[in-house]
Structure formats: C-alpha cells, structure tokens
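Take a look at the sequence and the structure first, and then read on.

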Amino acid sequence: MIREKNRATIDADAELVKSCRTGDLRAFETLVEKYRNRMFTLVYRILGDYDDAAEVTQDVFVAAWRALGKFRGEALFSTWLTRIAVNLSRNRLQQTRTRSSREAYSLDEPIPGCEKCRHSDPRSDGPSAQEMLEREEIRIRVQGCINGLEPGFREVLVLRDVEEYSYGEIGGMLGLAEGTVKSRISRAREAIRGCLKRVLGEI
Amino acid sequence: MDHAGIRDKLSAYLDGAVTPREKALIEEHLKTCPECETALRDLRRTVERLRTMGEEEPPPWLTQRIMARIREEAAQEKAFRRRFFPPLRWKLPLQAAALVFLSVTVYMVYRGVSPEVKIAVPPVAEIQREGTPQAPPAITPGSETEQKPAVPEKRPTEEKKQDIASAKGRAVPRSSGEAPAAALPSESAREEAASQFAQPPAAAPAPMPETKGGAQRVLGEQGDMALPRDAENRRKEEKSASSPAMRAKAVAPTAMRDMRVVLGVNDTDTAFREIDRIAGLSGGTIVRRSARDEGGVCIVRVERERLGEFLERVGKIGEVRKTTPLPAGENGVVEVLITVETVNRPGR
C-alpha cells in the first residue's frame with residue numbers, strides 16, 4: 001500500500017517536473033507546496049535558526065528551478081531536492097559560524113537553563129516557560145543538542161534520524177563512503193545521547 | 001570484539017547495519033554487559049526523540065516568497081531567450097533568406113571564377129567587332145547577358161532575308177565558293193538524318209525551338225546560305241549573337257573553345273554520315289545538327305588534343321573551304337561548327 005503510494009508520488013513528481021521544464025509555474029508551485037515543510041524542517045534541523053532556515057529554503061527552491069534542466073530523473077525529485085538543501089545549508093552554516101556564536105548546547109559543557117532554550121526558539125517570544133508544552137520543550141532541547149554538533153555530523157544525523165535515509169543514500173548524497181557515514185552517525189548519536197541526558201535528566 | 005568495539009557498533013546494530021556474525025557477538029555481549037545494555041537503550045531512545053520531533057511549521061509567506069522569486073527568474077530567462085534566441089516565426093524566414101542568399105552568392109562566385117567564360121568569349125567579341133560595325137560595341141567578355149540583346153536586333157533582318165530567299169525559290173545563285181541557298185527545311189532529309197545518325201535529339205530540327213540559342217543559330221546558318229554575298233561576315237555576326245547562349249546551355253562548367261569549318265561536299269547525307277563516323281573515331285560527340293539537301297550545319301565537340309586528328313579526317317570528307325585558326329592551348333574541349341555545303345547540288 002505504502003509502496004503504491006510512493007510510486008504514485010514518484011510518477012506525480014516526474015509529471016510535475018516535466019511540466020516545469022516547459023515553464024509551467026503552477027506545476028512548480030505544486031512541488032513547492034508539497035515539499036516546503038519537509039525542506040524547511042530539514043534546513044532548520046541543520047541550521048538551528050528559524051530565519052536562516054526560511055531564507056535557505058527559498059534559495060533551495062530557486063536553485064531547484066534553475067537546475068531543473070539538469071535533473072535527469074536518476075534520483076527521486078525529493079532526494080535531488082534534499083541534496084540541494086543540504087548543500088545550501090552547509091554553505092550557510094559556514095558563513096554564520098564565523099559570524100556569530102550559535103544558541104547551541106555545548107556537548108561538553110554544563111547544560112544551560114530553560115530560558116536559553118526558549119531564546120533559541122524563534123516562535124517562543126510570547127509564551128512563558130509554564131505555558132510551553134512539555135513536548136515542545138523537549139523538541140527545542142533536542143534541536144539545541146543538534147546545534148552543538150559539528151556540521152559534518154549534523155548533516156548525517158539529520159539525514160538518517162530525521163529524514164530516515166539509508167547509509168547508502170546518505171553516502172551517495174554527500175559523496176561519503178558508507179563506512180564514514182556509519183561512523184559519523186554513531187558518534188553523532190552518542191553526542192546527542194550525552195547532551196540529552198544532561199538537558200533532560202533522562203532520555 | 002571487545003567491550004569498546006561493541007560500544008562502537010551499537011548504533012549500527014540499532015539500524016540493522018551489522019553482519020550476522022557481529023550481530024551474534026553483540027547480542028552475546030549485551031547479556032553480560034549492563035553498561036552496553038543501558039547505552040543501547042539510551043541510543044534507541046535518542047533516535048526515537050530525533051524521529052518524533054516532527055515537522056517545523058515554516059513561515060506562512062514562504063510559498064509566496066518562493067514563487068515571487070521564481071516568477072522573477074522565469075521572466076528574466078524569457079527576456080534572455082527572446083534576446084538571444086529569436087522566436088521560431090522570425091527564425092525560420094531568417095534562416096530561409098540566409099540560405100537563399102548563400103546559394104545565390106555561391107552560384108555567382110562559381111560563375112565568376114569559371115574559366116569557360118573567360119576563355120570562350122573574347123574571340124567572339126573580336127569577331128563581332130571585325131565583322132559587324134553596327135553590332136553593339138558594349139560587349140564585355142564574360143558577360144553573356146550583355147550579349148543577348150544582339151539577338152533580337154538581328155532577328156528581323158535575318159528572317160526578312162530568309163523570306164526573300166524563300167520567295168525567290170531555292171535556286172538563289174551562289175557566288176563562287178560560297179554556300180548554297182537553302183531556306184526551307186526538307187522533312188524527308190531530316191527524318192532520314194534522324195534515322196541514320198544515332199543522335200535522335202540533335203538530328204532533326206524539331207527540338208530546336210526548345211533552345212532559343214540553338215534555333216537562332218540554325219536560322220542564322222540558313223540565312224547565311226540564302227545570301228552568300230555576305231556570308232562570312234554574317235556568320236560571324238550570327239555566331240557572336242547566338243554562340244554564347246548556346247555555350248551556356250550546352251557546355252556550362254568546362255572550358256570551351258570554338259572553331260568553324262566550312263566544308264564543301266558532293267552529297268550532304270554522306271558527308272554528315274562521315275562526320276558522325278569520324279567524330280566517333282576522334283572521341284568527339286555531335287552536339288547539334290541540322291541537315292538539308294543542299295547543306296547543313298553540325299556542331300561537334302572534340303577534345304583539343306584530338307582536334308588535329310579530327311580536322312584531318314574532316315579534310316578527307318570534302319573540300320575545306322574556310323577554317324578559323326586552331327584554338328590555343330593543348331587541353332579542354334573544342335566545339336567545331338561545321339557548315340556543310342554541296343558543291344554540285346542535286347538537280348531538281
């Protein structure tokens with residue numbers, strides 16, 4: 001059933017991409033609507049900054065529009081789009097890391113308080129800590145832990161545990177050997193495990 | 001695999017990315033190592049936390065902003081394409097016009113450099129200047145179109161003279177050594193010639209109207225014969241008027257030189273048969289022929305290097321009364337215009 005649904009999605013994407021190549025903006029808007037949230041989430045998980053994620057997500061779709069002629073359909077459209085998103089996120093991360101310090105938990109230092117956690121969340125400017133849902137709080141802290149990872153580890157962790165790509169797919173996307181991907185994921189998970197223990201007390 | 005090695009493999013074990021042997025070893029170790037067991041449980045929960053984070057809600061304006069940028073991109077791209085790649089409705093006519101221009105240019109250049117015109121025409125112009133003072137002086141070597149007006153100028157006179165000859169009957173007295181009168185074509189002679197000579201298209205005058213130059217040329221010859229007093233001059237005139245057109249039709253790209261021979265014979269039919277034979281022997285071809293009882297003309301195309309041999313054979317058919325000088329050079333093709341005249345006309 002799921003496989004049939006995936007097949008339908010693939011065919012629909014291929015049709016939309018075909019229409020886009022003829023300059024059909026409506027077809028591209030359909031693809032934007034379809035992948036907007038997913039790409040934004042991916043970029044946000046890697047960057048850890050809401051505004052940056054919004055900007056980079058725009059860039060991802062514009063870059064995709066420009067490069068549609070080069071898309072040969074060898075990979076899925078979603079995979080191709082994800083690769084663009086990871087590359088642009090990495091570029092942005094390199095720019096911003098030198099510009100300012102991140103609101104991230106150091107994976108080695110003591111855990112900051114909840115105030116800092118909320119401060120790192122762009123949508124938490126209104127509600128107080130008491131009003132925040134527990135789930136939301138955990139999510140913010142987990143994101144804080146991700147933000148503490150080195151970019152190379154963030155990418156593989158997000159692609160594996162958020163996007164749920166296989167080791168092989170991640171290796172293909174990032175140009176890494178499968179062994180390297182496996183090793184990075186292992187180390188990133190260990191780091192997040194340690195961070196979450198400190199942030200949440202227990203995982 | 002020791003404890004540290006097992007710890008490193010726990011993440012991969014969680015994803016089922018270990019070999020069966022590694023899996024067995026890890027599971028065996030986990031039974032006896034509470035630390036690794038706890039680590040595995042924490043890792044599993046960590047992954048679970050990451051996987052259940054859910055999607056972030058992007059700003060509501062995201063799609064709108066993306067599409068605004070895409071429209072801008074598309075408009076720029078369209079403008080670029082319009083600038084550097086014109087639409088098909090302009091492109092096709094432009095390409096067609098360019099092709100026509102190119103073809104015409106190539107044709108003109110080809111004609112311009114063709115040696116045929118340069119070599120062939122100057123003698124014609126010379127002959128014309130010598131023979132006919134009233135002929136148009138503005139004949140430029142190599143320009144066939146400029147020579148053409150000479151034809152209509154000549155035609156009425158020629159036809160008039162021919163009419164006079166016809167009115168007088170065929171028995172117009174000949175001046176000594178000149179061509180006999182022969183104005184009206186003889187159907188029987190033509191048919192005979194056509195059947196005897198293996199050159200059907202050239203044998204009979206029937207195809208002559210197809211080529212204007214050819215028709216004029218033969219008419220000119222008839223006029224010649226009808227009024228022998230000025231035969232040579234008229235022949236030259238006629239040649240200058242009609243020869244370039246004929247050359248253009250018949251000989252296009254090769255270098256062609258002209259030569260004229262007036263041959264006196266006893267019997268026209270025999271003479272033409274002989275010409276046909278010796279043309280074959282000398283590797284030549286009969287391009288055009290117009291035979292009458294009283295005489296006729298034929299054009300034989302022969303290689304320059306075999307021209308001497310051909311002329312020697314022609315000399316054996318009858319009396320060579322007139323001949324223009326041999327064309328210069330050793331190579332190329334020469335068109336020999338042979339005017340056959342009967343010495344003793346068959347009595348009628």
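A polar contact, as used here, is a pair of N or O atoms within 3.5 Å; within protein, one of the two must be able to donate a hydrogen and the other to accept it, and residues adjacent in sequence count only if both atoms are side-chain atoms. One such contact runs between the side chains of E155(A) and R90(A), at 2.6 Å.

Before going further, some ground rules. This is a predicted model, in which local features need pLDDT of at least 70 and side-chain atom pairs count only at pLDDT 80 or more, while totals for chains, interfaces and linings use all residues. Residues are numbered from 1 along each chain as its sequence is written, chains are lettered from A and ligands numbered from 1 in the order in which they are written, and side-chain values use heavy atoms, with hydrogens and water left out.

**Chain A in outline**

Chain A has nine helices and zero strands (helices are DSSP runs of H or I with at least four residues, strands are runs of E with at least two, and both are numbered from the N terminus). Of the 203 residues in chain A, 48% are buried. Buried means under 20% relative accessible area, exposed means over 50%, and partly exposed is in between, with a 1.4 Å probe and protein chains only.

Is E155(A) buried or exposed? E155(A) counts as buried because its relative accessibility is 4%. Leaving aside residues up to four places away in sequence, E155(A) touches V86(A), R90(A) and L174(A).

**Where the two chains meet**

At the interface, 35 residues of chain B are in contact with 45 residues of chain A. The area buried between the two chains is about 4,000 Å², of which carbon and sulfur atoms give 57%; buried area here is the accessible area (1.4 Å probe) that two parts lose on being put together, summed over both.

The rule finds 19 residue pairs in polar contact across the interface of chain B and chain A, both residues being at pLDDT 80 or more. On the chain B side, α1 (3-14), α3 (34-51) and α4 (62-84) each supply at least two of the residues that touch chain A. Helix α4(B) gives the most, with 11 residues. By type, the chain B side divides into 15 nonpolar, five polar and 15 charged residues. Ala, Val, Leu, Ile, Met, Phe, Trp, Tyr, Cys and Pro count as nonpolar, Asp, Glu, Lys and Arg as charged, and the others, Gly among them, as polar.

**Salt bridges**

Side chains of opposite charge can pair when their charged atoms come close. A salt bridge is a side-chain nitrogen of Lys or Arg within 4 Å of a carboxyl oxygen of Asp or Glu. The structure holds 31 salt bridges over all chains, and the rule finds 11 across the interface of chain B and chain A. Here are some of them:

| Salt bridge | Closest N and O atoms |
|---|---|
| E56(B) and R45(A) | 2.9 Å |
| E163(A) and R38(A) | 3.0 Å |
| R69(B) and D59(A) | 2.9 Å |
| E309(B) and R306(B) | 3.0 Å |

What does the pair of R69(B) and D59(A) join? R69(B) lies in helix α4 of chain B and D59(A) in helix α3 (residues 50-67) of chain A, so this pair joins two chains. R69(B) counts as partly exposed at 31% relative accessibility, and D59(A) is also partly exposed, at 25%.

Within chain B, E309(B) sits in helix α14, residues 307-317. E309(B) is partly exposed, with a relative accessible area of 28%. The side chain of E309(B) also makes a polar contact with the side chain of R313(B), at 2.9 Å.

Methods. Contact = heavy atoms within 4.5 Å.
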